[in-house]
Amino acid sequence: MSRFGIGKSPSQQGADGLTRWRRLWWAAPLLLVVCAVVAFAAWIGVNLRPPSQDRGRVQVIIRPGESVFSIAEKLQAAGLIRNATVFRWYLRYTEQGVDLKAGTYRLPLGESLPSLVHDLVRGKDAAVVRVTIPEGFTVTQIADRLQAAGVVKRQAFLHEVEHGQFSEPFLKSLPNNKQVRWRLEGYLFPDTYEFDKGESAHDVVDDMLADFQQRVASPLGPVIKQRGLSLPEVITEASLIEKEAKVNRERPIIASVIDNRLHHKPPMKLQIDATIEYILGHRNVVTVKDTRVKSPYNTYLYYGLPPGPIANPGSASIRAVLYPAKTDYLYYVAKNNGSGEHYFAVTYAQQLRNEAKSQHNLNIRS
């Protein structure tokens, strides 16, 4: 008899221990299977989500007869899905693999997998409209062109330009200046876009801002900082160059004239006709009366750059601001000989002679 009661014999205790070990031996693999299933389900869940929440759209071309394997790889490379294998499994599970339609698609980043597949099954490219926004177009000109192309209503577009909320990083550098006529003037990058007919105004504006971020703000940001400039200063000056220059090789020269005036002692007003036209609309000839219009954009009245861009400049004008020619020029005037070129001058006396030549050329042509 045990001191504490009736106990088990050593042989019985050994048998019980062996039974416990056998139970653990069978439970361990089962536990591993459960853990593997849970981990696999979690992995599937993660890979069903979009790769990122970035905005913007990417173009994907699906060719007639292209395999699901090829399509999946293409979508993964474009950043639209996380995992090509999971995409193929999803198509097999939903039995939609045979329904994907060939075509050219502009697909939004951050779209859920069911929505993405829905777009590819529906054949979204049927209503795609190609629209070219030229360098130097203003916000209102862009709005008119988009409406004429059937992409978006003019007023809806302008409302988004003024009040839409967007996530592109460069937007944080734009000042909250009440004198600026259009909040996003200058930052809707001139390019050829493909939009869906009836696309939301928000997505249209966001595509243009994303293009600006990719083509200008990201690659040129370090250069702008190195030059000691701000992005709004660069784009505002570039918009002046865009409206004034007609010949590419003259853009850096006109940039030098603007810089020379901005840094001249004593100060000089820019006196750029394009700022008057931004206020009043197109003028065949800017008159003295026009130059007296009351507006913060009037560079005949006020020193320095206008409050904001007067158009949406292209890459050549932006780079001209960052890499201006080295000149002493303070004046220029259109040659009016059909070449689109300008006469440049260091002194006002030279400018007067150039203006006389310009008028002579105009008289001959007319």
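A: A charge counts as sitting over a ring if NZ of Lys or CZ of Arg is within 6 Å of the ring centre and within 35 degrees of the ring normal. The model discussed here is a predicted one. By that rule, K269 lies over the face of Y303, at 5.3 Å from the ring centre.

A pair of aromatic rings is described by the distance of the centres and the angle of the planes. The count of aromatic pairs in this model comes to eight. One of them is formed by Y193 and F195, with 5.4 Å from centre to centre and 15° between the planes. That angle makes the pair stacked, because planes under 30 degrees apart count as stacked. Y193 and F195 are both buried. Elsewhere, F170, Y187 and F212 are joined by ring pairs into a cluster.

The next part is helix α5, which spans residues 139-148. Its buried residues are V139, I142, A143 and L146. They lie on the same side of α5, because the arc they cover around the axis is only 100°. An α-helix has 3.6 residues a turn, so residues three or four places apart point the same way. After α5 comes G150, which has a positive phi near 80°.

Two single residues remain. L262 belongs to helix α9, residues 251-262. L262 counts as partly exposed because its relative accessibility is 31%. Apart from neighbours within four places in sequence, L262 is in contact with E237, L270, G304 and L305. Of these, G304 is 42 residues from L262 in sequence, while the C-alpha atoms of the two are 6.1 Å apart in space.

D290 is found in a loop, the one between α10 (273-280) and α11 (315-322). D290 is buried, because its relative accessible area is 11% and buried means under 20%. If residues up to four places away in sequence are not counted, D290 touches I276, L280, R283, V285 and N298.

Terms used
Residues are numbered from 1 along each chain as its sequence is written. This is a predicted model: local features need pLDDT of at least 70, side-chain atom pairs count only at pLDDT 80 or more; totals for chains, interfaces and linings use all residues. Side-chain values use heavy atoms; hydrogens and water are left out. Helices (H or I, at least four residues) and strands (E, at least two) are DSSP runs, numbered from the N terminus. Buried means under 20% relative accessible area, exposed over 50%, partly exposed in between (1.4 Å probe, protein chains only). Contact means heavy atoms within 4.5 Å. Rings of Phe, Tyr and Trp (its six-membered ring) pair if their centres lie within 6.5 Å; planes under 30 degrees apart count as stacked, over 60 as edge-to-face and the rest as tilted. The arc is that of the directions from the helix axis to the C-beta atoms.
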